[in-house]
Amino acid sequence: MSAPSPQSYTADEMMTVAAARRLRGGSCFVGIGLPSLAANLARRTHAPDLVLIYESGTIGAKPDLPPLSIGDGVLAETADSVVSVPEIFNYWLQPGRIDVGFLGAAQIDRYANINTTVIGPYDDPKVRLPGAGGAPEIAASCGEVTVIVRQSPRAFVDRVDFVTSVGFGSGPGDRERLGLRGRGPRTVITDLGILEPDPVTCELVLTHLHPGVTLERARAATGWELAAAPGLRETEPPADHELAALRALTGGHRS
Amino acid sequence: MATVIPLAEAVANLVHDGDSVALEGFTHLIPYAAGHEIIRQGRRDLTLIRMTPDLIYDQLVGMGCARRLVFSWGGNPGVGSLHRFRDAVQNHWPAPLEVEEHSHAGIANAYAAGASGLPFAVLRGYRGTDLPAHTATVKPITCPFTGEELTAVPAINPDVAIVHAQRADRHGNVQLWGITGVQKEAVLAARRSLVTVEEVVDELEPHPGAVTLPGWVITHVSEAPGGSHPSYSAGYSVRDNDFYQAWDAIARDRESFLAWMDEHVLTGEAARP
């Protein structure tokens, strides 16, 4: 839960709205939690035809409220099609049929590699996290990847403790060398701003600050020397209709 | 042909100390009643296989039934950590737990290979991640036709697969629908199998999107109404999301976990089927 903001919306609400805006249409392979909330918000606002795909095999799910799990009954009941788990990964994800992969992260590094496996050494972890799930192949095979994660020095590290899902590996050319066919992470949306990979170095740089957030604060929340992109801009604050739709999804509570 | 017998008898026949056991069900149709019966029968040294360990493996691990866990995502969906799983990995309580860790795509394909009678599966997966460095069952493989480098995982052929389904007939033919996960693959890959069902009926009515497992590929069927709770059986129950959220506090602490298991699985009033 983020600290109350002086605005009429919270930092988490700003983050979710900013993430939803990045989903324009097409198909989206949705991770649970923050990605699922933002994807459902996009479908409720500007992208009603967005095809939501969950790894439980539900294609074109249209839940009224964001599900708690990726396999809640409402996803199957409202889906265009329900397929088995081998099929969703082999026939739908693997060939690159899905436009956007939408992921969360416990740790993310300057090359947008994601860790959801362990904090600390693998064989003697400080924190054992849930692990990979569908993420490695989502990050590899979707046309592009959007990441939503709260920004802090613990989460934004110079190098992840464990590469669960590849962003740009150790820099330019790595995705091609590894045979990863999607374009990789294009946008990382946080509660402070938006980061995008530099077109030459692939390093994540700050392209937007949310209203009221300073560059110094974003830098203090980042474990590498965070660069600001030329033309760093302020994110458009949430519109009333976006906030209303989001609060309808979260049960009226400020998330 | 599958025999329809009581759950306790089926588990006693099929699950032995040291076996590899896959209780599958992707969020939906998770065979909780069968998992609880394994705990009551005090099985030890199991290799537990499951894509999403969920609360049922948190319980089996916390009760000391497992020596090894093969999995791809070990969390409480939408809630957070599996605390018993974490405690076993981080602090070796109640016993050390070996882990063999995959991605969902990897395990799904390993079951499909197992069901297909193949020694391994090939996929576009794991490339560039740190998983192959820690999981011996992930290896690169070169396509003999194109020269492209891909990834291989060995087939999973569990000693026993256990799944839950909506219904079966008296000959042990099983019907399940909704999110069907990897249940078909797990049953066909396994040496022995148990399907628990919400109800045994005289005749299976067709249902849209249903998977039918004929009785001749199943060892035992057991009636276990409500046997997927707090997961669910589409058409019979809904996911008990409140319980999934409550489990976080129950399982966080060893004492409260053991007290809950005693009350609800081992000896208490609620433990009696």
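Biologist: Which residue of β10(B) is the bridge partner of B:V122?

Modeller: In this predicted model, the bridge partner of B:V122 is B:A152.

Biologist: What makes β8(B) and β10(B) a pair?

Modeller: Two strands pair if at least two bridges are found between them. β8(B) and strand β10 (residues 149-154) of chain B have 4 bridges, in the antiparallel sense, so they meet that cut-off.

Biologist: Why are β8 and β9 of chain B said to stand at the edges?

Modeller: The order in this open sheet of 3 strands is β8-β10-β9 (chain B), with antiparallel pairing. β8 (120-123) and β9 (139-142) each have a single partner strand, so one side of each is left without a neighbour in the sheet. On average, neighbouring strands here are turned by 45° against each other, direction ignored.

Biologist: Which helix lies across β8 and β10 of chain B?

Modeller: That is helix α5 (residues 104-116) of chain B, which runs at about 140° to β8(B).

Biologist: Happy with that! Now, how do you know that the length of α8(B) agrees with what a helix should span?

Modeller: Helix α8 (residues 241-252) of chain B has 12 residues, which at 1.5 Å a residue should span 16 Å. Its end C-alpha atoms are 17 Å apart, which agrees.

Biologist: What makes B:Y244, B:W247 and B:A251 members of one face of α8(B)?

Modeller: These residues are buried, and a residue is called buried if 20 or more other C-beta atoms lie within 10 Å of its own. Seen down the axis of α8(B), the buried residues fall within an arc of 45°, so they line one face of the helix. An α-helix has 3.6 residues a turn, so residues three or four places apart point the same way. On the other side of α8(B), B:D242 and B:A249 are exposed. The buried residues pack against α3 (54-62), β5 (75-76), α4 (83-91) and α9 (254-266) of chain B.

Biologist: Why is helix α2 of chain A called mostly covered?

Modeller: Of the 11 residues of α2 (residues 34-44) of chain A, 10 are buried; among them are A:L37, A:N40 and A:R43. The elements that cover the buried residues of α2(A) include α1 (11-21), β1 (27-30) and α8 (240-249) of chain A.

Biologist: Lastly, how many residues of chain A are in contact with chain B?

Modeller: 41 residues of chain A are in contact with 46 residues of chain B. α5(A) gives the most to the side of chain A that touches chain B, with 4 residues. By class, that side has 19 nonpolar, 17 polar and 5 charged residues.

Definitions and conventions: Residues are numbered from 1 along each chain as its sequence is written. Chains are lettered from A and ligands numbered from 1 in the order in which they are written. This is a predicted model: local features need pLDDT of at least 70, side-chain atom pairs count only at pLDDT 80 or more; totals for chains, interfaces and linings use all residues. Helices (H or I, at least four residues) and strands (E, at least two) are DSSP runs, numbered from the N terminus. Axes are lines fitted to C-alpha atoms, for helices over the stretch in contact, and angles run from 0 to 180 degrees between N-to-C directions. Two residues are in contact if their C-beta atoms, placed from the backbone, lie within 7 Å. Ala, Val, Leu, Ile, Met, Phe, Trp, Tyr, Cys and Pro count as nonpolar, Asp, Glu, Lys and Arg as charged, and the others, Gly among them, as polar. The expected span of a helix is 1.5 Å times one less than its number of residues. A residue is buried if 20 or more other C-beta atoms lie within 10 Å of its own, exposed if 12 or fewer, and partly exposed in between; C-beta atoms are placed from the backbone. The arc is that of the directions from the helix axis to the C-beta atoms.
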